[in-house]
Amino acid sequence: MTARNSVTPRAAAEVSHYDLETDVLVIGYGAAGAAAAFEAARTEARVLILERSGGAGGASAMSGGEIYLGGGTPIQVACGYDDTPEEMAAFLKAAMGAGADAAKIDEYSAGSVEHFHWLVHRGVPFKPTMWDAPTWVPPTDDGLMWLGENSWPFTELAKPAPRGHRPTANDFGGKLLMECLSRAAESAGATTLFDTQAGALIVDADGVVVGVVARQYGTEIAIRAHRGVILTTGGFVDNDGMLAAHAPELLGHTKVSAGTDDGSGIRMAQALGAGVRHMSSGQVGMSLIPGLAARGMVVNARGQRFMNEDTYPGRIGQAALYRNNMGGSWAGGDTAVWVIVDEDGFEDVPEPQRWGVRPTHVAETPEELEQLTALPTGSLTAGIARYNELAMGGADLDLHKSPRWLRPLTPPLAAIDVKAGIRPPSEAGDRRGTGASVFTLGGLHTDLDAHVLDLNGDRIPGLFAAGRATNGLHGIGYISGTSLGDGTFFGRRAGTAAARTE
Ligand SMILES: Cc1cc2nc3c(=O)[nH]c(=O)nc-3n(C[C@H](O)[C@H](O)[C@H](O)COP(=O)(O)OP(=O)(O)OC[C@H]3O[C@@H](n4cnc5c(N)ncnc54)[C@H](O)[C@@H]3O)c2cc1C
């Protein structure tokens, strides 16, 4: 095999010497990799984790730590919510959007309570208390939160139950999650090799993946994996070439990643004939405070509402990016979004929960606010009048926001331009940008045991994947927690399946 590019698979016959040998080789040490390594290492298999950075973590360690779990977990029960795997699956099939992987969702929902206990046994703490308001990440250590289940249209499709499970950490819990999972993997016997970047898969004459070629401090090394290679390398939001080819709408926005999501694992497998799914799908976080949005109106560049403001905020972001964009350049495209609130709505959200967000424009009348924001003449005034009429009637007949959040807007009024950005407590610096923060949901096509599938849908022997290197549960939709959720769930499957490979 001649190397046409950096990811072209290397023929095993061309590898004269292996620098290291293991049974299961995990590439990428985020949550999916840690889960895979733990399950493989708890068998008698030798497990090596390869990580290009200097330590475990990836995007997983930076994350909010929200994990989508349900079907009747002890935390749901303690907080007084009934749930079943069937209701959870019904919600996920709707929320993951067109192209959602129904078989994976059924499996994931049926196994969710067991997966909760698995996380607890790995030391991940969850507090049996509920945070009951729209937010990205609660400022408390409450263990349970809504992620859109109690918002329209999901209220009509599945019995609502909160399923956002959070490790016991104030604000972002990803660091704690990764500490627990990496400790578990290494205690089970997994060994690690840091500062080492996998570049290409090694394949034998039968087409079986038997190892990887990697670079460590500028030197090429070859690693033999006797039972399997597991790709847990994350997504491709940091690779602008791949975004341009597959998901151009995501170009130019703030990248939600640890900076290592260059799609290397996806490309290594593609070079071997792996199939991919939904490469254009993306999570789109708008720089808005969900609690403020729920208490007011969210409008686009035409001054029009376009989504029930109490829903999972990523749905507002996806609608803003994919539906509202009115042409022109997609790169950093037109994500004009304004949050309109009155003084009571603004003050109702405690200052620490506003993440530094302040009104960008304040006015005594809707007309004045419309002028200040340069929204089309008559648009915002008509929109506010309609919103107030619906609020006084007690029902949002247009977009079905829950009556809980519906209240007439009373001057003085404020408009918040999402391009001014937000700054979560864990981050420093200016966040002004397009108003959107994105990561990719498309990736390798895998089966229920995390085998990577080829273009015919057949297993590529010796190759497994999980986490954002794969498409996982997702169609075009996303809900917080499904990334850490499907990554750890199917990461475990990958570790188990690889370890038992003969
Ligand atoms: C601020 C923030 C908040 C988030 N909040 C949530 C949340 O609350 N809930 C949720 O579900 N998701 C959340 N996400 C998304 C989620 O964190 C990621 O999608 C998820 O962690 C991906 O897990 P992973 O294991 O697939 O990849 P990662 O955790 O990114 O791990 C991949 C690892 O692979 C390594 N790697 C890559 N290529 C190579 C290579 N060629 N060789 C060797 N190593 C390689 C990388 O260095 C990295 O360490 C958030 C993300 C961010 C950044």
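Ring pairs tie Tyr68, Phe91 and Phe154 together in a cluster, where rings of Phe, Tyr and Trp (its six-membered ring) count as paired if their centres lie within 6.5 Å. All of this comes from a predicted model, so to speak with some care: local features need pLDDT of at least 70, side-chain atom pairs count only at pLDDT 80 or more, and totals for chains, interfaces and linings use all residues. Residues are numbered from 1 along each chain as its sequence is written, and side-chain values use heavy atoms, with hydrogens and water left out.

Searching the whole structure turns up 11 aromatic pairs. One of them joins Phe116 and Phe126, with 5.2 Å from centre to centre and 35° between the planes. That makes the pair tilted, the label for whatever falls between stacked (planes under 30 degrees apart) and edge-to-face (over 60). Phe116 sits in helix 6 (residues 112-121) and Phe126 in the loop between helix 6 and strand 5 (130-131), 10 residues apart. Helices (H or I, at least four residues) and strands (E, at least two) are DSSP runs, numbered from the N terminus. Phe116 is buried at 4% relative accessibility, and Phe126 is buried too, at 11%; buried means under 20% relative accessible area, with a 1.4 Å probe and protein chains only.

Phe439 and Tyr478 make another pair, and this one is edge-to-face because the ring centres are 5.3 Å apart and the planes stand at 85°. Phe439 belongs to strand 19 (residues 436-440), while Tyr478 is in the loop between strand 22 (459-465) and helix 15 (482-499), so the pair ties together parts 39 residues apart in sequence.

As for helix packing, the axes of helix 4 (residues 85-95) and helix 5 (residues 102-110) come within 9 Å and cross at roughly 145°; axes are lines fitted to C-alpha atoms over the stretch in contact, with angles running from 0 to 180 degrees between N-to-C directions. Residues in contact (heavy atoms within 4.5 Å) include Met88 and Leu92 of helix 4 and Ile105 and Tyr108 of helix 5.

On the cysteine side, the structure holds 0 disulfides, a disulfide being a pair of cysteine sulfur atoms within 2.5 Å. Cys79 is in no disulfide, and its nearest cysteine sulfur, that of Cys180, is 20 Å away. Cys180 itself is buried, at 3% relative accessibility.

Note on methods:
Buried means under 20% relative accessible area, exposed over 50%, partly exposed in between (1.4 Å probe, protein chains only).
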